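Keep the sequence and the 3D view side by side as you read.

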Amino acid sequence: MKTTLIFALLLCCTQLGFSQKKLTQLWESKEQLPTPESVLYDEGKSILYVSLIDGDGVAKDGKGGVAILNLDGSLNDATWVQGLNAPKGLALYKDLLYVADIDEVVVIDVITGNEINRIKIPDAQFLNDVTVDEKGKVYVSDTRKGEIYLIHNNKASLFMKDVKDVNGLRVIDGFLYAMSGPELWKIDANKNHTVVAKGLQLGGDGLEPVGDGSFLVTCWGGLIYHIQANGTVTELLDVRDKMKTADLGYNQKEKILYVPTFLNNSVVAYKLD
């Protein structure tokens, strides 16, 4: 009886985790980054792209842009891309960087740093995150309208509606994963969805796969969560009294998160253990 009880306790601990994930801060960028909203890790170039709103999140003021950081947090190029409005989510496909910017998706050639296209999304109000599948199809969320749009061959169309407070997006193995307020959805090609996880306070913002079937999620108000493949949600960090935690980037190989702090005008790196 005693042996059985010990085995049951060990099994429970294995499932629920003495191996629970934790975050350790590595660095915080020193140079002022005007309202950083999203970070994207570029493995090929070993750099970080950072979208900068630099003002009101819905103002078409031309003050926004994209900066580049080195992987130690030092500034590489503060003005790599300029002339945007309120850029938020970033996605990379081959040599193209897609940037969600209020009601359009801006396309940047990462080789030259030149803007090559602006794809207007009719009636969009607050484009937030963007992701690209292996065939180059682009998905972008409109948080205020609760809609997801599809861009194919530079033409935009409505992919899915009634996804309340939709924000973070990622395509993995042919499925579109989306943060819908406090829930993580898995959406198939026929637009059917299942709820992978629920119960995130403040609603999900950034969404990144860890690489083992689990996810990292930031909530803008200052929370970071780990979602296991079975849907179990664990809080990793609560910094609501210190800073915001906007749309994170993630280096799967080194297990490092890059989190933009928004109003604190910096990016913070954490090691996932």
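Q: In which loop is N154 found?
A: This is a predicted model. N154 is found in the loop between β12 and β13 (155-160).

Q: What makes the phi of N154 worth a look?
A: Most residues other than glycine have a negative phi. The phi of N154 is near 65°, a positive value in a residue other than glycine. L202 also has a positive phi, near 70°, and is not a glycine.

Q: Where does L202 lie, and why is L202 called exposed?
A: L202 lies in the loop between β17 (193-197) and β18 (207-209). Exposed means a relative accessible area over 50%. L202 has 54%, so L202 is exposed.

Q: Why is D54 called partly exposed?
A: Buried means under 20%, and exposed means over 50%. D54 has a relative accessible area of 28%, in between, so D54 is partly exposed. The place of D54 is the loop between β3 (47-52) and β4 (64-70).

Q: Which residues are in contact with D54, leaving aside its neighbours within four places in sequence?
A: They are P34, T35 and K63. Contact means heavy atoms within 4.5 Å. As for G64, it is 10 residues from D54 along the chain, and their C-alpha atoms are separated by 5.5 Å.

Q: Why is E183 called partly exposed?
A: The cut-off for buried is under 20%. E183 has a relative accessible area of 21%, so E183 is partly exposed. E183 is found in strand β16 (residues 183-187).

Q: How do you know how far E183 is from K198 in sequence and in space?
A: Count along the chain, and the two are 15 residues apart. Go from C-alpha to C-alpha, and E183 and K198 are 4.2 Å apart in space. K198 is also in contact with E183, as are A178, V195 and A197.

Q: What makes up the largest nonpolar core?
A: This core has 16 residues. Those with the most contacts inside it are Y98, I121, L127 and V140. At least two core residues come from each of β6 (87-93), β7 (96-101), β8 (104-109), β10 (127-132), β11 (138-142) and β12 (147-152). The largest share, 3 residues, comes from β10.

Q: Which residues are in contact with V140, leaving aside its neighbours within four places in sequence?
A: Among them are A100, V105, I121, L127 and L169. The list also includes D129 and E147.

Q: How many helices and strands does the protein chain have?
A: The protein chain has 1 helix and 24 strands.

Q: Why is the protein chain called as compact as a globular protein of its length?
A: The globule rule gives 19 Å for 273 residues. The radius of gyration of the protein chain is 19 Å, close to that value, so the chain is as compact as a globular protein of that length. Along its principal axes, the C-alpha trace spans about 70 × 45 × 35 Å.

Q: What share of the residues counts as buried?
A: Of the 273 residues of the protein chain, 53% count as buried. The accessible surface comes to about 12800 Å², and 49% of that belongs to carbon and sulfur atoms.

Conventions:
Residues numbered from 1 in each chain as written. Predicted model: local features only at pLDDT ≥ 70, side-chain atom pairs only at ≥ 80, totals over all residues. Heavy atoms only, no water. Helix = DSSP H or I, 4+ residues; strand = E, 2+ residues; numbered from the N terminus. Rg over C-alpha atoms; globule rule 2.2 N^0.38 Å. Buried < 20%, exposed > 50% of the residue type's maximum accessible area, 1.4 Å probe, protein only. Areas by Shrake-Rupley, 256 points an atom, 1.4 Å probe, with all protein chains shown as cover. Core = buried A, V, L, I, M, F, W, Y, C linked by side-chain atoms within 4.5 Å.
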